Amino acid sequence: MNVKKQISRLYLYEIVSGLQIVDTVWVFFLLQRGFSLGQVGIAEGVFHAVSMCFEIPSGMVSDTIGRRRTLMLSGIVSAMAAFFMIASDNFYMILLAMGINAVSYNLVSGTREALTYDSLLVTGQEEMYLKVASRQDFLYEALFAFTSLMSVVTVSLGYKKAYLLGILQGILCTFCASLLKEAVVEEKENREKMSLGIMAKEVAGHFVRTAKFLRKTPKVAWRMAYSGLVSAAVYVVYMLLQDHLVAVGLEPGFLGIPLLLISLCTMAGAVLAEKSRKISSRKLYLAGGILTGLSLTFAGRNSLVLSVMGGGIAHCVSEVIMLRTETENQKFFSSESRATMVSAGSMAYSVFMTILSPGAGALADVLSVPEAFALLGLLAAAAGVIMFCRMRCENEK
């Protein structure tokens, strides 16, 4: 395998997959089409519920049929989701489209990371994974920031033209994925000839092996849970922050500017993750949890500057924690179940999102936004302290 060409093509895939022009304005489009805020909330809930249910099965599919094919399938599924979004104004069709879109994300989650790591592993360069993964996330976040900046143009196109571009983007993702090479670490010649029955047994076997692995390797499970909790708390604040920034004096028309700044902070986190090698995971989790907690608390202040700074720092730190956790955990995974195991970590995020998203929204209504942010910050800080103490006990043993 020509690893330089493979990594370049993975970067290209990251650029194309990051061009999700509708993701920043899908709420606006639904409201524009006459749906209520309550229906938007239901649609968001369906997305995360489907994501939670299909995260591990999608990883199993990737480990069974191959990473290249799974990424190609993801592009097709993404195009289908965009098509259903413009096929009908029926609310149940919208929910179906949201569910299909969640599956497209599930198919990428774990698959991209597994293919990247194995591509480096087969050439003896696995120590480069954190550097490559950081650059992949940097590219993705850069494109997300660009689409946020172009949201005014996207809105002017209207939802039909925007989702037609979404269909094209899904097809381009499939094409870019087709250029990749499957990284064969362990012999799996019979994979191509599997019947559906055998494939179903393989997927079931993956589920059993995943459960056993996490039970026997609690340090990996705890890292997944910690990273998922911090990432979910930060994203929930990002969602509520959009309304909070307007409440503290920001003109709605300028909302894209602070959101762009927060995206740039996430990109900075992707760069800093590569530089964080010298810091032990134990110290990183403690400092990261406390710093994230303080930042989330500041994000709830009645000051526009402090709110944006708090949200930006929290995103930066959570990105470092996520990438370091993923890199550390990769060392424990076998190639045959790598995508499944990475997907298990993503599932932890979906579980916490399903709990924290409605919970934080309810707290913001009953108490206030600053108090809801402070409680999420306390949760992140407490998680950092717990992880530090647990890892210290493991080292002493």
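The structure is a predicted model. Mean pLDDT over the chain is 84. At least 70 is reached by 91% of the residues. Helix α13 (residues 281-299) has the highest confidence, at 94. Helix α10 (residues 196-216) has the lowest, with a mean of 69. Over residues 187-193, pLDDT stays under 50. The model has nine contacts beyond four places in sequence for residues 187-193. Where pLDDT is low, the predicted coordinates should not be read in detail.

Leu143 belongs to helix α7, which spans residues 129-149. Its relative accessible area is 14%. Leu143 therefore counts as buried, the cut-off being under 20%. Beyond four places in sequence, Leu143 touches Ile15, Gly18 and Leu19. Ile21 lies 122 residues from Leu143 along the chain. The C-alpha atoms of Leu143 and Ile21 are 9.3 Å apart.

Helix α11 (residues 218-247) packs against helix α14 (residues 304-330), with axes that come within 9 Å. The axes cross at roughly 155°. Angles over 145 degrees count as roughly antiparallel, so α11 and α14 are roughly antiparallel to each other. Their crossing is left-handed. On the α11 side, the contact includes Val220, Arg223, Met224, Tyr226, Val230, Val234 and Leu241. On the α14 side, Leu304, Val308, Gly311, Ala314, Ile321, Met322 and Glu328 are among the residues involved. The residues of this contact comprise 13 nonpolar, nine polar and two charged.

Notes
Residues numbered from 1 in each chain as written. Predicted model: local features only at pLDDT ≥ 70, side-chain atom pairs only at ≥ 80, totals over all residues. Heavy atoms only, no water. pLDDT = per-residue confidence, 0-100. Helix = DSSP H or I, 4+ residues; strand = E, 2+ residues; numbered from the N terminus. Contact = heavy atoms within 4.5 Å. Buried < 20%, exposed > 50% of the residue type's maximum accessible area, 1.4 Å probe, protein only. Axes fitted to C-alpha atoms, helices over the stretch in contact; angles between N-to-C directions. Parallel < 35°, antiparallel > 145°, perpendicular 65-115°, else oblique. Left-handed = near helix turned anticlockwise from the far one by under 90°. Nonpolar A, V, L, I, M, F, W, Y, C, P; charged D, E, K, R; others polar.
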